[in-house]
Amino acid sequence: MNSGAIVIGDGKISKPRVGMNRGVSILDFILRLVAVLGALGSAIAMGTTNETLPFVTRFIRFRAEFKDLPTFTFFVVVNAIVSAYLVLSLPLSIFHILSSGAQRSRIPLIFFDTVMLALLTAGASAAAAIVYLAHKGNSKTNWLAICQQFNSFCERTSGSLIGSFGAFVVFILLILLSAMALSRR
């Protein structure tokens, strides 16, 4: 009985669900690639966002850049960190595909996935609040909506949020997949 079989109650022998764990590991790898694309695309889109309004005089120029707002800088840094983590976690994901019985290496992966999810949530939520203010303004505090003037700037910042929140959803799926793979032990 040393062949890796499990004895169940009445003496019947069945093999562990190797195929199921391999499928979960392949899905984990694919989702990590999707999350890299979302987070890295968001960082690049936000990091290259700027707009200058043309005026008649050359001495007066109004310019909006992502680095003018510390929240957007935080957003870019967070998405870059998350992208780097995801790229570094890809070899471990490949290891899980090749060795579908590996369970202990999933525990740190769940832990770090959860930390990255929290970091990504903080960055994306803070940037979303600023983008909302840029679109709507706040009449009680006399903050004007700037998106009427800086249309391209606002479109790019809004678009970068989509990729980041997409990566957020993928991280939730990754954590659930890893937990499911651990529970099938």
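Tutor: A residue is called buried when its relative accessible area is under 20%, exposed when over 50%, and partly exposed in between, using a 1.4 Å probe and protein chains only. This is a predicted model, in which local features need pLDDT of at least 70 and side-chain atom pairs count only at pLDDT 80 or more, while totals for chains, interfaces and linings use all residues. Residues are numbered from 1 along each chain as its sequence is written, and side-chain values use heavy atoms, with hydrogens and water left out.

The UniProt record, an unreviewed entry, lists residues 29-49, 69-98, 110-134 and 161-182 under "transmembrane region"; its positions follow the numbering used here, feature names are shortened, and annotations may be inferred rather than shown by experiment. Over residues 29-49 the chain is 90% helix and 0% strand, with end C-alpha atoms 30 Å apart, and over residues 161-182 it is 100% helix and 0% strand, with end C-alpha atoms 32 Å apart. Helices here are DSSP runs of H or I with at least four residues, strands are runs of E with at least two, and both are numbered from the N terminus.

Let us begin with the charged contacts. Side chains of opposite charge can pair when their charged atoms come close. A search of the whole structure finds 2 salt bridges, each requiring a side-chain nitrogen of Lys or Arg within 4 Å of a carboxyl oxygen of Asp or Glu. Arg-32 forms a salt bridge with Asp-28, where the closest N and O atoms are 3.0 Å apart; the two residues both lie in helix α1 (residues 18-47), 4 residues apart, which is about one turn of the helix. Arg-32 also forms a salt bridge with Asp-113, the closest N and O atoms being 2.8 Å apart. That pair links distant parts of the chain, since Arg-32 sits in helix α1 and Asp-113 in helix α3 (residues 106-136), 81 residues apart. As for burial, Arg-32 counts as buried because its relative accessibility is 0%, Asp-28 is buried with a relative accessible area of 1%, and Asp-113 counts as buried at 0%.

We can now turn to the rings. Rings of Phe, Tyr and Trp (its six-membered ring) pair if their centres lie within 6.5 Å, with planes under 30 degrees apart counted as stacked, over 60 as edge-to-face and the rest as tilted; by this rule the count comes to 3 aromatic pairs. One of them joins Tyr-85 and Phe-171, whose ring centres are 6.5 Å apart and whose planes meet at 20°, so the pair is stacked. This pair, too, links distant parts of the chain, with Tyr-85 in helix α2 (residues 70-98) and Phe-171 in helix α4 (residues 151-183), 86 residues apart. Tyr-85 counts as buried because its relative accessibility is 13%, and Phe-171 is buried with a relative accessible area of 0%.

Another pair consists of Phe-165 and Phe-168, with ring centres 6.2 Å apart and planes at 80°, so it is edge-to-face. Both residues lie in helix α4, 3 residues apart, about one turn of the helix, and both are partly exposed, Phe-165 with a relative accessible area of 31% and Phe-168 with one of 22%.
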